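Keep the structure in view while reading.

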Amino acid sequence: MHCEPFEYEKPVSLREFESLYAARADDARILAGGTDLMVLIKEKLLAPRLLIDISDLHELRGISWDPRQGLTIMAGTKIAEIERSTLVKEHAPALAYAAANLGSNQVRWMATMAGNICHASPAAETPPVLLAHDCELIIGRQGGERTLPISRFFLSYRKTALESGEYVKAFRLPPLPARAAVAYRFKGLRRAMEIDMLNIGAYLELCEDGQTVSDVRLAMGSVGPTTYRAAVTEKKLKGMPIGEDFFAAACGGVVQEATPIDDVRASAEYRNRVIGVLTRRALEECLEIIGARRSAA
Ligand SMILES: Cc1cc2nc3c(=O)[nH]c(=O)nc-3n(C[C@H](O)[C@H](O)[C@H](O)COP(=O)(O)OP(=O)(O)OC[C@H]3O[C@@H](n4cnc5c(N)ncnc54)[C@H](O)[C@@H]3O)c2cc1C
């Protein structure tokens, strides 16, 4: 398929990349795995003058763990590396599970999590888990960086809080408290190579009594223009005892906050029916994980 001509640069150091991107941010696009970007270019939905390929930047690769700071995943790390990482499996198993569900093996060896969030599709796989973890983004630019909670990253459909010349440098997932867990649930038409019809990331933290909700985060995908946190419902659930009233408030609340549309994957009516079910299952899974950890301790 014919596409508009573009220049191509492949910097070999972060410093080179940052100065090139600072100089050309307005007509350049970062090329990570290219699994979203090249589709948009081929479909003529985008025509950047310059592609800056960051796939060789070793400074942007790797996963590390620090007991105080948590899990750090550099932006150029491939989805397949996240899926397989023992650190991710130990400290953020729901993220490893979401990564394993993205596309095919070939796609996962090309794609990055930074590309997944920067494309900012409301159906993307990793944002609900990152929101449930209350992940912090490290945003880089020439000569500096800033941190941003992921809850402030998605502004609207395909629009993020990145400013001109800024890029996603790393993800930081804080350590989970002892009585807390994250779960991820999705629904697609089939199990593989399918963009989700719906997905949800849930975080649940219990008080010391093991019966009362201390904190909860519900991150909803494909039921609005962006992946978002069901903030009104979260507020209502805090302090509730675990039980049928809690589940009813969670499931009813997320449906009230959702604004799904009909599209090629599902109808709004179907999404409204299923989002409550997925929410309940994700919260039940969190309870199981917390319970299993308590019995093992
Ligand atoms: C066959 C196929 C199946 C797929 N299945 C799924 C699926 O099941 N679930 C799903 O969520 N997605 C799926 N996708 C979409 C895609 O693979 C993912 O969104 C992927 O994570 C994108 O990452 P990438 O590295 O390829 O991004 P790219 O295509 O390289 O970039 C995407 C966007 O992010 C920007 N970008 C990339 N890195 C950075 C950075 N560090 N800082 C700032 N901007 C950046 C780019 O400029 C571009 O605008 C699929 C795609 C294909 C082709």
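## The ligand shell

Gly33, Gly103, Gly115, Asn116 and Cys118 come nearest to the ligand, out of the 29 residues around it. The model is a predicted one. By class, the shell around the ligand holds 18 nonpolar residues, eight polar and three charged.

Several elements build this shell. Strand 2 (28-31), helix 2 (37-42), helix 6 (105-110), helix 7 (113-119) and strand 10 (167-173) each give at least two residues. Helix 7 makes the largest contribution to the shell, with five residues.

## Domain layout

The protein chain is split into domain 1 (7-50), domain 2 (61-173) and domain 3 (180-296). Where does the ligand lie relative to domain 1 and domain 2? Both domains give residues to the shell around the ligand, so the ligand lies between them.

## Domain 2 against domain 3

The centres of domain 2 and domain 3, taken over C-alpha atoms, are 20 Å apart. Their contact draws 23 residues from domain 2 and 24 residues from domain 3. On the domain 2 side, helix 5 (93-100), helix 8 (127-132) and strand 8 (154-156) each provide at least two residues.

Which element gives the largest share of the side of domain 2 that touches domain 3? That is helix 8, with five residues. The residues on this side of domain 2 comprise 15 nonpolar, six polar and two charged.

Leaving aside residues up to four places away in sequence, Leu95 touches Ile82, Val88, Thr126 and Val129. Leu95 also belongs to the largest nonpolar core, which has 77 residues. Leu95, Val182, Ala202, Leu218, Met220 and Cys286 are the residues with the most contacts inside that core. In soluble globular proteins, nonpolar side chains tend to be buried together.

Strand 4 (residues 63-66) pairs with strand 5 (residues 70-74) in the antiparallel sense, over four bridges. The two strands are joined by a hairpin through three residues. Asp66 faces Gly70 of strand 5 across the pair.

Definitions and conventions: Residues numbered from 1 in each chain as written. Predicted model: local features only at pLDDT ≥ 70, side-chain atom pairs only at ≥ 80, totals over all residues. Core = buried A, V, L, I, M, F, W, Y, C linked by C-beta atoms within 7 Å. Buried ≥ 20, exposed ≤ 12 C-beta atoms within 10 Å, placed from the backbone. Contact = placed C-beta atoms within 7 Å. Near = placed C-beta within 6 Å. Nonpolar A, V, L, I, M, F, W, Y, C, P; charged D, E, K, R; others polar. Domains from an automatic or database assignment. Pairing = 2+ DSSP bridges.
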